[in-house]
Amino acid sequence: MSIWVGLVVASLLIWALKTAGYVVPRRFVEGALMSRVAGLVTAALLASLVIAQALGDNGAVTVDARLPAVGVAAILLYFKAPFMVVLLAAGVVAAGLRFLGLMV
Amino acid sequence: MAEEFNAHHHRRARNQGFQVAAAVSLYGVSFGALSVALGFSIGQTMVLSLLMFSGASQFAFIGIVATGGLTAVGAAVASAGLLGVRNGLYALRMSPIIGPGFFKRALAAQLTVDESTAVAVAQSDLTSSRHGFWATAFSLYAGWNISTLIGAIAGDALGDVRTWGLDAVAAAAFLALLWPRLTSREPVVVAIGAAAVTIVLIPVVPAGIPVLAAAAVGIMSGIYRHRVAPHAPERTEGGAS
């Protein structure tokens, strides 16, 4: 699948999911199970993406400047820092460690 | 008197929407910059924000394709789609609030995301919910796309992702999206399980597959927990898109 096809298919898929909620009668899909699963799938996917993005490196698990950067992001999130501050701090930590030659 | 009271509530709902949209829109800059820095064209980046319009799904798509290449496009589509399932549930919640009208409902569907739903359901009466939804929806759609474009143009000039720590920014972005969902023990335990599965699988299977395995962990835990404790508190709203 080319990137363009993937982009459009994924966008249509998400559009279809949003539209389905307006078309399908509520009683067919709404229930404690569905919202439980949707909530936990979201948490599981995001947690997995954090790990894949922070430690994954072409099919290997690698510790580099990304890990301390994510650690700093977690501390800032704990203290309820705004989104942009968290992202900027992560970028600055990783870029800084690499610039100083402390980590790859 | 009553009319004045209502107008006050509607204005407050709209203002809440504008504030939420302004804050979240800024985040589009990082999406645009990251997407282009990871190798996507400005056109592809804009299609994601204009058509997909769902932050977590967009980040997942570019993240997985960037690490796995063309062979991971299928996994990227599946992950982005799974992250979009909750939008379908928001749509169910929003359907009676939006009311009848084909064009209006079609438009509302595309704009049903975490933020517009959260502002709408936080209001105390139906009309305020509508005001809150549309104010958030329109300003976020405009803001998110404008800031994506700004980020994409800036990202074009940045060059190597790693020099600027943008690979770490992507990881921090997923963490920031996850954080507001960790409100009870259940999502925390599932998130830790999903993280463990991912670490174990990364060296063994192709890129993109560990994320799908983690999704399976989420689905199975949801079904299991529903059987053991069907009435435990649940949470579908809130967080960033």
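Chain A has a radius of gyration of 19 Å, whereas a compact globule of 104 residues would come near 13 Å; the radius is taken over C-alpha atoms, and the globule rule is 2.2 Å times the number of residues to the power 0.38. The model is predicted, so to speak of local features a pLDDT of at least 70 is needed, side-chain atom pairs count only at pLDDT 80 or more, and totals for chains, interfaces and linings use all residues. Residues are numbered from 1 along each chain as its sequence is written, chains are lettered from A and ligands numbered from 1 in the order in which they are written, and side-chain values use heavy atoms, with hydrogens and water left out.

The C-alpha trace of chain A spans about 60 × 40 × 25 Å along its principal axes. Its secondary structure consists of five helices and zero strands, which gives the pattern α-α-α-α-α along the sequence; helices (H or I, at least four residues) and strands (E, at least two) are DSSP runs, numbered from the N terminus. The domain assignment, which is automatic or from a database, divides chain A into domain 1 (1-61) and domain 2 (63-104). The C-alpha centres of these two domains of chain A are 26 Å apart, and seven residues of domain 1 meet five residues of domain 2, contact being heavy atoms within 4.5 Å. About 410 Å² is buried between the two domains of chain A, 56% of it from carbon and sulfur atoms; buried area is the accessible area (1.4 Å probe) that two parts lose on being put together, summed over both. Three residue pairs in polar contact (both at pLDDT 80 or more) link the domains of chain A. A polar contact here is a pair of N or O atoms within 3.5 Å; within protein, one must be able to donate a hydrogen and the other to accept it, and residues adjacent in sequence count only if both atoms are side-chain atoms.

Chain B is likewise assigned a domain 1 (2-161) and a domain 2 (182-233), with 25 Å between their C-alpha centres. Eight residues of domain 1 of chain B touch six residues of domain 2 of chain B. The area buried between these domains of chain B is about 450 Å², with carbon and sulfur atoms giving 85%. Zero residue pairs in polar contact (both at pLDDT 80 or more) are found across this interface of chain B. On the domain 1 side, helix H3 (55-68) and helix H4 (73-98) of chain B each supply at least two residues, and the largest share, four residues, comes from H4(B).

Turning to the two chains together, 96 residues of chain B are in contact with 67 residues of chain A. The chains bury about 7,000 Å² between them, 76% of it on carbon and sulfur atoms. B:Leu92, B:Trp179 and B:Ile202 supply 9% of the area that chain B buries against chain A, more than any other three residues. Three salt bridges are found between the chains, a salt bridge being a side-chain nitrogen of Lys or Arg within 4 Å of a carboxyl oxygen of Asp or Glu. A:Asp64 pairs with B:Arg162 in a salt bridge whose closest N and O atoms are 4.0 Å apart.
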